[in-house]
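Visitor: I'd like to go through this one with you, side chain by side chain. Could you bring it up?

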Amino acid sequence: MNFRVARGAGVSIGACLMLASVPSTALAQHVHGQATLVIGMEERTGQIEFRGSGEDLYGFERSPRTAAERTRQTAALDRLRTQGASLIRFESTLGCTLTAKEVRVVEERSGHGEVRAQYVVACRRPVAGRPIRFGVSAVFPGVDRVAVQLVSDTAQVGATISRDRGTVTP
């Protein structure tokens with residue numbers, strides 16, 4: 001798994017070790033209609049990794065072949081860069097900001113492309129005990145389910161969120 005915590009990000013080594021213990025097969029499975037979110041939080045800071053298939057996000061998994069396909073892919077990647085707070089919704093009273101760190105397309109040998117986005121989270125108040133909601137299906141209608149793994153200094157939670165209904169709580 002390529003989830004890295006930047007030095008000084010405030011996420012403990014213990015949280016990183018718990019995150020690293022999540023089976024890679026659970027994160028690397030390529031299932032159409034399903035995206036994956038891995039959330040690592042400690043008190044007021046954290047990092048998030050989003051993974052989804054190109055098919056679900058912009059309609060194909062290979063490299064774009066036409067100008068229209070390039071436009072669809074670029075628009076989807078731009079939504080990931082600019083609408084992270086719409087995908088992962090913290091309570092407004094926490095004062096959280098989500099900043100895109102990296103958004104990229106990963107072409108697999110099998111010809112199936114995957115999109116990965118990494119975000120940095122900074123909140124004014126601790127997130128422990130406060131539910132995190134989701135808006136992935138609202139932004140990307142091709143995603144029906146989101147497999148969520150949350151590791152924090154207070155909890156380790158796994159959940160499947162269907163059509164943005166459900167929460168996870170650190």
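**Burial and charge pairs**

Guide: Let's start with Gln73, which is buried at a relative accessible area of 12%; buried means under 20%, exposed over 50% and partly exposed in between, using a 1.4 Å probe and protein chains only. Keep in mind that this is a predicted model, where local features need pLDDT of at least 70, side-chain atom pairs count only at pLDDT 80 or more, and totals for chains, interfaces and linings use all residues. Residues are numbered from 1 along each chain as its sequence is written, and side-chain values use heavy atoms, leaving out hydrogens and water.

Visitor: Which residues does Gln73 touch, not counting those up to four places away in sequence?

Guide: Contact here means heavy atoms within 4.5 Å. With that cut-off, and neighbours up to four places away set aside, the partners of Gln73 are Tyr58, Phe60, Pro64 and Val105.

Visitor: How far apart are the closest N and O atoms of Glu102 and Arg104?

Guide: Glu102 is partly exposed because its relative accessibility is 34%, and Arg104 is partly exposed at 33%. They form a salt bridge, and the closest N and O atoms are apart by 3.6 Å.

How values were computed: A salt bridge is a side-chain nitrogen of Lys or Arg within 4 Å of a carboxyl oxygen of Asp or Glu.
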